[in-house]
Amino acid sequence: MTQSNQKRIYLSPPHMGELEQRYVAETFASNWIAPLGPQVDAFQQEFAHAVDSTHALALSSGTAALHLALQLVGVTTGSEVLVSTLTFAASVNPILYLGGTPVFIDSERESWNMDPTLLAEELERRSRIGRLPAAVILVHLYGQSADLDPIIAACARYQVPLIEDAAEALGATYRGRAVGTFGRAGVFSFNGNKIITTSGGGMLVSDDARLVAHALKLATQARDAAPHYEHSEIGYNYRMSNVLAAIGRGQLSVLRDRIAARRRNFEFYADALGDLPGIEFMPEAAWGQATRWLTTLLVSPSEFGADRNELLRRFDAENIEARPVWKPMHRQPVFAAYPVVGGAAAEDLFERGLCLPSGSNMAIVDLERVATIVQAAHRAARPHSLPLAG
Ligand SMILES: *Cc1c(COP(=O)(O)O)cnc(C)c1O
C-alpha cells in the first residue's frame with residue numbers, strides 16, 4: 001500500500017543516452033525494421049570488442065542466449081547441470097526446456113556467488129560415481145564476478161563445459177578481464193532493468209566460431225544452406241530486431257558512465273548507512289571490479305533494530321521500489337524436487353538481503369530519500385541511541 005505522493009523511485013529504470021534515438025531513426029530511414037540488419041551487425045561487433053570476445057550474437061533475450069548455449073554444449077533430456085542456487089529463475093528454466101535436471105550449488109560470502117569449494121567437491125564426488133554433469137552454469141550476481149579461477153580449474157579437471165550467466169554483470173571484471181568471456185559461452189541480458197537495456201534482448205558470446213555459427217542458425221529457425229527453405233533440425237525465432245540493436249549500440253557507448261554512476265550510488269549509500277549497526281553491504285571481492293548494478297545489503301535485525309521486511313514496508317509506504325535478494329532456487333516450489341549442495345549461505349542472504357534503488361539516473365535527492373528511510377527505521381527501533389539533548 002502506497003501512501004506517499006512523492007515521485008516514485010524505481011529499483012533500476014532504463015537510462016537512455018544521446019545516440020539511441022539517432023540510431024533508431026537510421027533504422028526507420030533505411031526501413032530496416034526487421035530482425036537482422038546493419039544495426040545488429042554493428043551492435044554485435046561493438047559488443048564483442050567491448051568485452052574482448054571473438055564472437056557475439058545478438059538475441060531476443062538473455063534467456064534465449066542461455067537456452068542456445070546449453071543446447072550447444074550438449075545439454076539434453078536427462079542431463080544434469082550444476083547451477084548457482086542464488087539467482088533469478090531465468091538462469092535455471094532453460095535447463096528444464098531441454099529436459100535436463102538442475103543441481104543447485106550454494107554461495108560463498110565474499111561475492112555471494114557460487115562457492116568454488118562446494119563445486120569442486122561435487123564434481124569430484126560425481127566423477128567417482130561416473131555421473132559428471134553436462135554443464136556448469138555460473139551466475140555473476142548483482143554486477144560482481146564469481147571467483148572464476150578455481151571454478152575454471154574444477155570444470156577443466158573433469159572436462160565439464162562452463163557457461164557464464166553474466167546477465168547482471170556486463171562490465172564487471174575478474175583479474176582485469178570482462179566476465180562472460182571465461183567459459184565456453186557467456187550470456188548477457190538487455191532487459192529493461194539491466195545496466196544497459198534494449199527494452200528486451202540478450203547476447204551470446206564465445207571464442208568458439210562453430211558454436212556461435214550453430215547458435216545463429218538455431219536462432220533463425222534452423223534454416224539449412226539451400227535456395228528453398230530446408231530444415232534438418234528444430235530451430236527457434238530468437239534473433240534480435242534491428243531496431244532494438246540500434247538502441248543497444250547507443251547504450252553500449254555509455255556503459256562506462258553507467259558503471260561509474262552505479263558505483264557512485266553504492267558509495268553514497270555506504271557513506272550514509274555503512275556505520276549503522278546491523279547493516280552490511282555486499283562486499284567487493286579483491287579479484288575484480290564490480291559494477292554495483294544493484295547496491296545490496298544485509299540487515300541483522302537484532303543489531304539494527306528492524307528486519308529487512310520492515311525496511312521493505314517503509315520503502316513501499318514512501319513510493320520507493322526496493323527488493324529482497326533473490327530467493328534461492330532450491331527454495332522455489334517449482335524446483336523443490338531437485339538436489340542442492342549446501343544452501344544455508346544463500347538462504348541467509350535471501351532472508352536478510354535487500355536491493356536498494358540503484359538506477360544510474362538517480363539524483364542525489366533520490367539517494368537521500370532512500371538513505372533517510374533506513375536511518376529512520378533504525379532510530380525508531382533504537383530511540384535510546386539518539387544523542388541526548390543538552
Ligand atoms: C535478467 C536475468 C536473466 C535473463 O535475461 P532476460 O534477458 O530477461 O531473458 C538471466 N539470468 C539472470 C541472473 C538475470 O538477472
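**Basis.** I worked from a predicted model, in which local features need pLDDT of at least 70, side-chain atom pairs count only at pLDDT 80 or more, and totals for chains, interfaces and linings use all residues. Residues are numbered from 1 along each chain as its sequence is written, and side-chain values use heavy atoms, with hydrogens and water left out.

**Ligand shell.** I found 15 residues around the ligand (a heavy atom within 4 Å). T63, D165, E168, S189 and K194 are the closest. The shell comprises four nonpolar, eight polar and three charged residues (Asp, Glu, Lys and Arg count as charged; Ala, Val, Leu, Ile, Met, Phe, Trp, Tyr, Cys and Pro as nonpolar; the others, Gly among them, as polar).

**Polar contacts.** I looked for N or O pairs within 3.5 Å. The side chain of T63 has an N or O atom 2.5 Å from a ligand oxygen. For E168, the corresponding distance to a ligand oxygen is 2.7 Å. A polar side-chain atom of K194 is 3.4 Å from an oxygen of the ligand. Of the 380 Å² of accessible area that the ligand has on its own, the protein covers 93% (Shrake-Rupley method, 1.4 Å probe).

**Sheet.** I then traced an open sheet of four strands, ordered β10-β11-β14-β12 with antiparallel pairing (strands are DSSP E runs of at least two residues, numbered from the N terminus; pairing requires at least two bridges). β10 (279–281) and β12 (323–324) are the edge strands, each with a single partner, so one side of each has no neighbour in the sheet. β12 pairs with β14 (residues 353–356) over two antiparallel bridges. I noted C355 in β14 as the bridge partner of R323.

Technical notes
A polar contact is a pair of N or O atoms within 3.5 Å; within protein, one must be able to donate a hydrogen and the other to accept it, and residues adjacent in sequence count only if both atoms are side-chain atoms.
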